[in-house]
Amino acid sequence: MSGITFEILARSQHSKARAGVIHTPHGVIETPAFVAVGTKATVKGVTVPMLKDIGLSTIIANTYHLHLQPGSEIVQRAGGLHTFMGWDKPLLTDSGGFQVFSLGAAYGRTVSKISKEDLEEDTTAASVYDPDVASQHGKLAVIDEEGVSFTSHIDGSLHRFTPERSVEIQHRLGADLFFAFDECTAAEAGHEYQREAMERTHRWAMRSLTAHRQNLDARRKQGIFGIVQGGRFEDLRRESARALAGMDFDGYGIGGSYQKVDIDTAVGWVIDELPDERPRHLLGIGEPEDLRRGIEQGVDLFDCVQPTRLARTGVVYGPNGTKLSITHAAYTEDTEPIDATCECYTCRHHTRMYIAHLFRAREMLGATLASIHNLHYLVTLVRRERERILVESESLR
RNA sequence: GCGUCGGUGGCGGAGUGGUCAAUCGCACUUGGCUGUAAACCAAGCGGCUUCGGCCUACGGGGGUUCGAAUCCCUCCCGGCGCA
């Protein structure tokens, strides 16, 4: 018996959207939901009471980062991730697979998880994982069939992740839900490499699932999600989703890199193939428009660094979702809040000119106030979408 | 008043005959950021430009020189010392 269950409460009559509840040992996640990214057991710059005030129900932390610092044994000794970070609500951990991408193929390059333009296929993408090539390029991660070897970005020490090791670490961290170890590929990787990486990810998924099932205690408390890959190729995406659907995960992550248009297409293909009764998590996606599209496609969970990273670099979601660079000259004497219609702590208490001043003066409160606002903006956006699905569903009856 | 040191782009501060429209830092301006090596990174920052250049600039004025932010004279301004 898994530690988590998913219940669908309502379905939109206009799209594939659905509203539901994920029950976890640490409470419920009302879906669709936006999950805050708390990589190193902290949502950067925001305290737990602030997160609760914003309305966040769930945080996702990272296996790779917590393994390197402070180490999963330390977290376990603290009583698990919940106790360690003082968060008593649902928690997820990502497997570290994304770091294989960001420290491997994407390392030192301007490769983004999202590519906006039509990229030419890079048929040599497979070769970037060759150890020699990798060392030439100064990459920190190298992939083989068994797992990934990587050097710590913190102190250069050598480490190795296998699916079993990732699961073991995630058991120690003790989040309510965690992800199977996967390989996130670059959007421009060609079909050949995407297939190779995808098939390896499937084998890793099975190994992760097996490793999880062997730990009866963890199995009772934690759920595991498999991650669909396949790049932007329909055949691969569908194949990947079908393969994972056959593995009886508690839910499914949709991973990989995308082109902007893929949010509609690739996610749609995947969802067609996934079991309806299991939750789906679109990994690493979080622009307002992407959230709306994902929800329409039937996505239940999202996580993204975008709100907090943008906030720290002085960009906030303004009225109607426009992005404001708060340090622009225009705001230095602007007595309005970031968004007069916003009900977040920041907008209820502070002006644009004040926040602009904090950023110019490099005061850390600026990043905190901006993060509160951006998180609130996305959480509220998703909650409203959820309410709409519920209302639409009721009107149908 | 005498002596002395110094006046360089928004600020600080290099440069001390040509490769200087002038190193660098700060400030400023504008981009970028989507499972966080990110409180970060990048570009710009005298004016004009058909992007090849052109013009105006290193306190003011004058001079030496093929050539001056750099040397000389003079004036103005500031710091310090002595009266």
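Some ground rules. Residues are numbered from 1 along each chain as its sequence is written, and chains are lettered from A, with ligands numbered from 1, in the order in which they are written. Because the model is predicted, local features need pLDDT of at least 70 and side-chain atom pairs count only at pLDDT 80 or more, while totals for chains, interfaces and linings use all residues.

Let's take the RNA. How many residues are around RNA strand B? There are 51, and those that come nearest are His 153, Cys 184, Gly 284, Val 305 and Thr 308. Near here means that a C-beta atom, placed from the backbone, lies within 6 Å of the molecule or strand.

Which elements give two or more residues to that surface? Strand 5 (59-62), helix 5 (97-105), strand 16 (301-304), helix 13 (306-312) and helix 16 (364-396) do. Helices (H or I, at least four residues) and strands (E, at least two) are DSSP runs, numbered from the N terminus. Helix 5 gives the most, with six residues.

By type, the surface near RNA strand B has 20 nonpolar, 20 polar and 11 charged residues. Nonpolar covers Ala, Val, Leu, Ile, Met, Phe, Trp, Tyr, Cys and Pro; charged covers Asp, Glu, Lys and Arg; the others, Gly among them, are polar.

Keep strand 16 in view. Both of its faces are covered. Leu 301 and Asp 303 are buried on one side, Phe 302 and Cys 304 on the other. Buried means 20 or more other C-beta atoms within 10 Å of a residue's own; exposed means 12 or fewer; partly exposed is in between; C-beta atoms are placed from the backbone.

Strand 16 also has pairing partners. Strand 4 (33-37) pairs with strand 16 in the parallel sense over four bridges. Pairing requires that DSSP finds at least two bridges between the strands. Strand 15 (residues 280-282) pairs with strand 16 too, parallel, over two bridges. Leu 301 is the bridge partner of Ala 33, and Leu 301 is the bridge partner of His 281 as well.

Now the inside. The largest nonpolar core holds 108 residues, and Val 35, Ile 59, Ala 180, Val 270 and Phe 302 touch the most other members. Such a core is a set of buried Ala, Val, Leu, Ile, Met, Phe, Trp, Tyr and Cys residues joined through C-beta atoms within 7 Å. Helix 16 supplies the largest share of this core, 10 residues. At least three residues come from each of domain 1 (5-304) and domain 2 (315-373); the bounds come from an automatic or database domain assignment.

Look at Val 35. Leaving aside neighbours within four places in sequence, its contacts include Ile 59, Leu 92 and Phe 302. Contact means C-beta atoms, placed from the backbone, within 7 Å.

Next, a hairpin. Strand 1 (residues 5-11) and strand 2 (residues 18-24) run antiparallel, joined by six bridges. Six residues lie between the two strands. Glu 7 stands opposite Val 21.

Two cis peptide bonds to point out: Thr 31 to Pro 32, omega about 0°, and Gln 69 to Pro 70, omega about 10°. Pro 32 lies in the loop between strand 3 (27-31) and strand 4. Pro 70 lies in the loop between helix 2 (63-68) and helix 3 (72-77).

Ala 41 is not a glycine, yet its phi is positive, about 65°. Ala 41 is in the loop between strand 4 and helix 1 (48-54). Is Ala 41 buried or exposed? Ala 41 is buried, with 23 other C-beta atoms within 10 Å.

Key
Two residues are in contact if their C-beta atoms, placed from the backbone, lie within 7 Å.
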